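Subject: Structure handover and notes

Dear colleague,

I am passing on the structure below, together with my notes on what was found in it. Please read the notes with the model open beside them.

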Amino acid sequence: MELKPLMNLILEHNPNADTALIEKAYNYANRRHKEQLRASKEPYIVHPFEVVKILATLNAQSATLCAGFLHDVVEDSTASIDDIEREFGKEIADLVEGVTKIDKVHFESRSDYTAENLRKVLLATAKDIRVMLIKLADRLHNMRTLKHVRTEKQKRIAEETLSIYAPIAHKLGIWRIKGELEDLSMRYLKPDTYQLISSKINEKREVREKATEDIINEIKNRIKSKEVNATIIGRAKYFYSIYKKMKKKNVDINEIYDLIAIRILVETIPECYTALGEVHEMWKPYPRRFKDYISNPKANGYQSLHTVLEGPNNKVIEVQIRTIEMDRVAEDGIAAHWKYHGTERDKKFDKRISWIKQLLKWRSDSDETRNFIETLKMDLFEDEIVTFTPKGDPINLKEGATPVDFAFEVHTYLGLKCSKALVNQKLVSLDHVLLPGDIVEIITAKNAEPSRQWLKFVKTGKAKSKIRSYLKITLESQKKPNIPEPAVISQADLVDLIELTSKKAPIKFSKCCNPSYGDDILGFYTKDKKLTIHKKDCVNIHSMDKNKQAKLNWKKDKFKNLMTLELILADKVGGLADILNFFVAKGINISKVQAKPKKDKNFHTIIEIENIGYKKENLLAELRMFDAVINAMFKE
Ligand code: MN
């Protein structure tokens with residue numbers, strides 16, 4: 001194990017690499033792992049060394065390469081993240097920490113492939129795509145050396161690789177790593193099938209290679225005559241992809257390995273279509289097998305033309321046609337972008353858009369990924385995309401969601417007052433379909449309100465129900481425009497509320513102090529045998545005859561004009577305050593509030609409010625629109 005050839009490999013892929021720093025990382029890792037051995041009994045440093053080699057061929061830049069050397073020092077040795085930061089700076093320390101975090105998520109058995117565990121893996125890497133690249137290189141080398149570990153462990157690691165890491169490599173479009181991870185997993189999970197396929201392939205290798213060569217030469221001559229410069233190569237098929245094809249199409253290995261797979265690389269996009277036209281003239285294309293991923297790239301950025309032809313002697317020829325640049329992106333996937341953008345880091349690119357976009361969209365584009373989701377029982381991820389607020393907070397939405405869904409998801413008020421939306425800083429219509437990774441900004445307007453039209457395009461249950469109940473309330477208030485304004489209880493009603501000890505004289509409210517319900521009051525008999533009611537602190541009382549005074553109380557127990565609400569509130573900051581403000585804004589007085597936390601962490605809340613004539617159902621409907629309100633009802 002020599003550092004020099006590795007450095008040359010690194011410089012070959014990245015001439016500006018910081019060789020001094022990389023060497024420092026190598027020496028540091030070497031010291032820290034000094035006494036340790038791999039399961040193969042080799043010195044431990046062999047592992048990080050091989051990981052860096054893999055990263056170098058993916059055109060990784062200096063920080064990633066350093067982190068590749070250091071990725072196990074925190075997990076396996078005495079160094080801490082702080083030590084790494086002190087020696088190598090925050091960027092490299094963050095990468096190492098990310099990889100260490102993923103290592104802490106253990107998938108011991110199939111039942112551990114839960115959304116929760118996967119989320120942990122995603123979260124550890126969501127900040128920086130390079131963390132996952134290092135993890136994939138790490139896993140690839142561990143898979144290459146898996147024969148040295150115990151049999152049970154082999155199975156577990158192979159299963160985890162096939163269920164988690166190969167699909168991630170697929171979603172990141174890193175074909176080389178994906179194919180090798182799958183083949184290595186298969187070797188341990190289905191050793192018999194693996195042996196069968198590999199022996200079959202080797203058995204007729206010569207015959208097949210000759211046939212492939214003939215086809216390649218034929219195409220080469222034909223295309224040359226059209227003055228198109230093309231490189232044509234035979235494609236090695238991964239064993240696992242052959243196995244999957246056998247299973248999917250329920251065919252014998254003989255039918256598949258007879259297949260000839262070639263790739264045509266040209267310089268420009270028009271040349272792709274020229275080459276396509278030529279091969280379609282040479283052999284008959286299978287109907288419905290042609291796919292144009294150049295005009296419709298796959299979610300992971302893959303671009304190519306695919307076609308299948310009926311070749312000579314009934315041989316099936318699978319052809320891929322693409323430009324050299326497309327081929328590089330196809331093979332290296334997201335890693336190709338490092339070089340593409342030329343700079344050490346293109347954080348904006350890899351941090352947010354790409355990583356999240358690829359990973360969280362993975363379910364949509366092939367059977368394979370759909371199976372993956374099933375394996376993981378990832379119901380939670382079903383149809384889900386992640387978008388962001390301008391501050392970078394992730395908002396999970398259903399696929400096909402619009403800015404209106406987004407607004408209601410953030411806050412009910414934002415939904416109700418939503419008038420315009422910016423997606424990635426561009427103004428869009430409210431029914432615009434959001435894509436994973438979009439940054440969405442909602443612009444509100446005071447007089448904005450939900451329209452019936454919105455129901456036609458919103459996707460989330462939350463937005464739907466909130467819009468519906470809003471429309472219902474408006475509709476009802478239009479039907480009965482007389483929702484009473486907050487009013488003082490009439491004096492006639494007040495009379496009923498006075499608790500009288502004996503049948504007394506008719507009651508009259510004094511005009512001087514105008515008592516209202518709840519005030520401390522006193523009664524005075526007048527000459528005409530009426531009882532006039534004054535406030536206890538009315539200035540006129542002093543001049544009245546105390547012998548004609550009667551003590552009075554309000555009827556508290558028969559207080560018809562109070563209503564008791566029972567609310568179940570989620571434990572949300574400001575949740576109760578929002579509700580109280582709502583009553584205040586409506587001019588409804590609150591006479592009592594009681595909130596008790598329950599075992600389920602929700603708050604069981606009793607609110608006594610003044611009855612000023614709002615329709616009960618309307619009040620309940622409005623209350624239920626608050627995010628914090630789980631349920632609302634009136635207590636009889
Ligand atoms: Mn490792």
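The notes below begin with conventions and then go from the whole chain to its parts.

The model is predicted, so local features are given only at pLDDT of at least 70 and side-chain atom pairs count only at pLDDT 80 or more, while totals for chains, interfaces and linings use all residues. Residues are numbered from 1 along each chain as its sequence is written, and side-chain values use heavy atoms, with hydrogens and water left out.

Overall composition

The protein chain has 27 helices and 21 strands, where helices (H or I, at least four residues) and strands (E, at least two) are DSSP runs numbered from the N terminus. Of its 636 residues, 47% count as buried; buried means under 20% relative accessible area, exposed over 50%, and partly exposed in between, with a 1.4 Å probe and protein chains only. Among contacts (heavy atoms within 4.5 Å) between residues at least 6 apart in sequence, 66% join residues at least 24 apart.

The manganese site

The manganese ion has as its protein donors H47 (NE2), H71 (NE2), D72 (OD) and D138 (OD), which lie 2.1 to 2.2 Å from the ion. Donors here are N, O and S atoms within 2.8 Å of the metal (3.2 Å for Na, K and Ca), and since water is not among the atoms, sites may look incomplete. Along the chain, the donors follow the spacing H-x23-H-D-x65-D. H47 belongs to helix 3 (residues 46–57) and D72 to the loop between helix 4 (62–70) and helix 5 (73–76), so this pair ties together parts that are 25 residues apart in sequence. Both H47 and D72 are buried.

A nonpolar core is taken as a set of buried Ala, Val, Leu, Ile, Met, Phe, Trp, Tyr and Cys residues joined through side-chain atoms within 4.5 Å. The largest one has 59 residues, and those with the most contacts inside it are I10, F69, L70, I84, I92 and I177. Helix 9 (residues 129–144) gives the most to this core, with 9 residues. Leaving aside its neighbours within four places in sequence, I84 is in contact with Y28, L70, V73, V74, G89, I92, A93 and V96. A second, separate core of 27 residues includes A407, V428, L471 and A621.

Helix 11 (residues 175–189) packs against helix 14 (residues 239–249) at an angle of about 70°, with their axes 7 Å apart; axes are lines fitted to C-alpha atoms, for helices over the stretch in contact, and angles run from 0 to 180 degrees between N-to-C directions. The two helices are therefore roughly perpendicular to each other, a class that covers 65 to 115 degrees, with angles under 35 counted as roughly parallel, over 145 as roughly antiparallel and the rest as oblique. On the helix 11 side the contact is made by K178, E182, D183 and M186, and on the helix 14 side by F239, Y240, Y243 and K244.

Sheets, and a helix across one of them

An open sheet of 3 strands has the order 10-9-11, with antiparallel pairing, two strands being paired if DSSP finds at least two bridges between them. Strand 10 (426–428) and strand 11 (440–444) stand at the edges with a single partner strand each, so one side of each is left without a neighbour in the sheet. Strand 9 (residues 418–423) pairs with strand 11 over 5 bridges, and K420 stands opposite I443 in strand 11. Helix 21 lies across strand 9, strand 10 and strand 11, running at about 80° to strand 11. Of the 8 residues of helix 21 (residues 403–410), 6 are buried, so this helix is largely enclosed by the rest of the structure.

Another open sheet, of 4 strands, has the order 13-15-14-16 with mixed pairing. Its edge strands are strand 13 (507–509) and strand 16 (549–551), each pairing on one side only.

Backbone points to check

N59 has a positive phi of about 65° although it is not a glycine; it sits in the loop between helix 3 and helix 4 and, at 4% relative accessibility, counts as buried. E227 also has a positive phi, near 55°, but at 74% relative accessibility E227 counts as exposed.

Best regards
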